[in-house]
Amino acid sequence: MQTPPRPSPAPQKVGLVSLGCPKALVDSERILTKLRADGYAISPSYDGADVVLVNTCGFLDSAKAESLAAIGEAMAENGRVIVTGCLGAEAESIRTQFPGVLAITGPQQYEAVVEAVHAAAPQTHDPFVDLVPPQGIKLTPKHYAYLKISEGCNHSCSFCIIPSMRGKLVSRPAHHVLHEAERLVKAGVKELLVVSQDTSAYGLDLRYQEVSFRGRPVKTRLTELCEAMAAFGVWVRLHYVYPYPHVSELIPLMAEGKLLPYLDIPFQHASPRILRAMRRPGSKEKVLDQIHAWRAACPELVLRSTFIVGFPGETEADFDQLLEWLDEAELDRVGCFRYENVAGAAANDLPGHVPDEVKEERWHRFMVAQQAISQRRLARFQGRTLDVLVDEVGPRQAIGRSFADAPEIDGQVRFTRVAGVRPGDMVKVEITSSDAYDLKGRRMLERAA
Ligand code: SF4
């Protein structure tokens, strides 16, 4: 006689509030994957959760304030709260404000945070129930995924405390990254977004160790990793690339269609004086030469960057240099931040802090200048047909992205003729108009391969 199946005990439920950048989102995915493997369920609301995890960001003072507000909300709504992530490195200040927090762990302390959940909401483990899909738990839509290739950073930019919070560069060996990428692609991911603190430094700490993936040798180095990922046949997009000379090796891969012709390089400024104060490398002329050479080798190349205006000591002349440089560089997509102090950062002690109203005024001038450039750059797509990865479908219009748009931070392609189209489809769209951010068009009635 067969033993009737034992009723499984109700699993403990974990709520999650994930703040911060895509790297923090990847951390949240890892933590949830482990918790699901341990038999926990995920609660979509504070009410149903036995414990709430808040994965915090502590990069800027405004991000810290947002993280503290999220902890406050979770305490008020649920009361059983574990804090993790970047702000976890400042446990004392969290405890002062929220003495009732159950546990605090810092960035990358996956095991510690999972242990804290086990202690706060002990789980009756049922080994017969496998709750985790092979690709792990993802917080992004099914068709794209962030792929973290390393942690930490060897630089010491004066406005940043990431190296002190997350430590020096630690790369994942290439076969680990490739196995994860392969699992994601098998699960339906069509776009891999490569992230880290410094993507171009990948493998330096492992001395570009050679490993084996599916019987083939692969170096733990960015160019070789990208070549290997090209074999998966999905979009591969690179974020947070530092402008090292060897980045030029990636351009031929982009020209050959192995890698999306898209580079997200945070240049931060163009004035040599300010770059020195930021402790960032780069002569503005050399970087411009590099950009021109890249575009000559791969005319499709889309460049995205971020900048900081109002950095301590920035004069009107420095800012003008930045605007001139921007005009020459003709970057496609640009984000701009007004400088903010970050507790513990060296830049706080620099002389010549810029008044808020001047920062604001420069930020507006910067954005107006860049809008005109982005508008010019986007206009080149008018009349062309682009492959578009579909994110959302409405009754009359769908929203997707071309190779030129990363999710969340760049623009969109809005298009008509949506019958039969689903999120995650790759379709061909004829572009009919553009503005400074987005493209509009109509779907060509043949599906893209
Ligand atoms: S490169 Fe600079 S800004 Fe980026 S994580 Fe490293 S220290 Fe921070």
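**Close-up 1. Strand 17 pairs with strand 18.** Ala398 has Phe415 of strand 18 as its bridge partner. Strand 17 (residues 398-401) and strand 18 run antiparallel, joined by 3 bridges. Strands pair if DSSP finds at least two bridges between them. Strands are DSSP runs (E, at least two residues), helices are DSSP runs too (H or I, at least four), and both are numbered from the N terminus. Strand 18 (residues 413-416) has a covered face with Val413 and Phe415. Its uncovered face holds Arg414 and Thr416. The model is predicted: local features need pLDDT of at least 70, side-chain atom pairs count only at pLDDT 80 or more, and totals for chains, interfaces and linings use all residues. Residue numbers start from 1 along each chain as its sequence is written.

Close-up 2. Strand 1 (residues 13-18) is joined to strand 2 by 3 bridges. Here Val14 stands opposite Ile42 of strand 2. Angles run from 0 to 180 degrees between N-to-C directions, and axes are lines fitted to C-alpha atoms, for helices over the stretch in contact.

**Close-up 3. Helix 11 packs with helix 12.** Helix 11 (residues 316-329) and helix 12 (residues 356-379) meet at an angle of about 10°, their axes 10 Å apart. That makes the two helices roughly parallel (angles under 35 degrees). Helix 11 brings Phe319, Leu323, Leu326 and Asp327 to the contact. Helix 12 brings Arg362, Phe366, Ala369, Gln370 and Ile373. Residues are in contact if their C-beta atoms, placed from the backbone, lie within 7 Å.

**Close-up 4. Thr199 sits in a loop.** The loop runs between strand 9 (191-195) and strand 10 (210-213). Is Thr199 buried or exposed? Thr199 counts as buried because it has 23 C-beta neighbours inside 10 Å. The cut-off for buried is 20 or more other C-beta atoms within 10 Å, and exposed means 12 or fewer. Among the residues that Thr199 touches are Ile149, Leu222 and Tyr240, not counting residues up to four places away in sequence.

Technical notes. Angles under 35 degrees count as roughly parallel, over 145 as roughly antiparallel, 65 to 115 as roughly perpendicular and the rest as oblique. Two residues are in contact if their C-beta atoms, placed from the backbone, lie within 7 Å.
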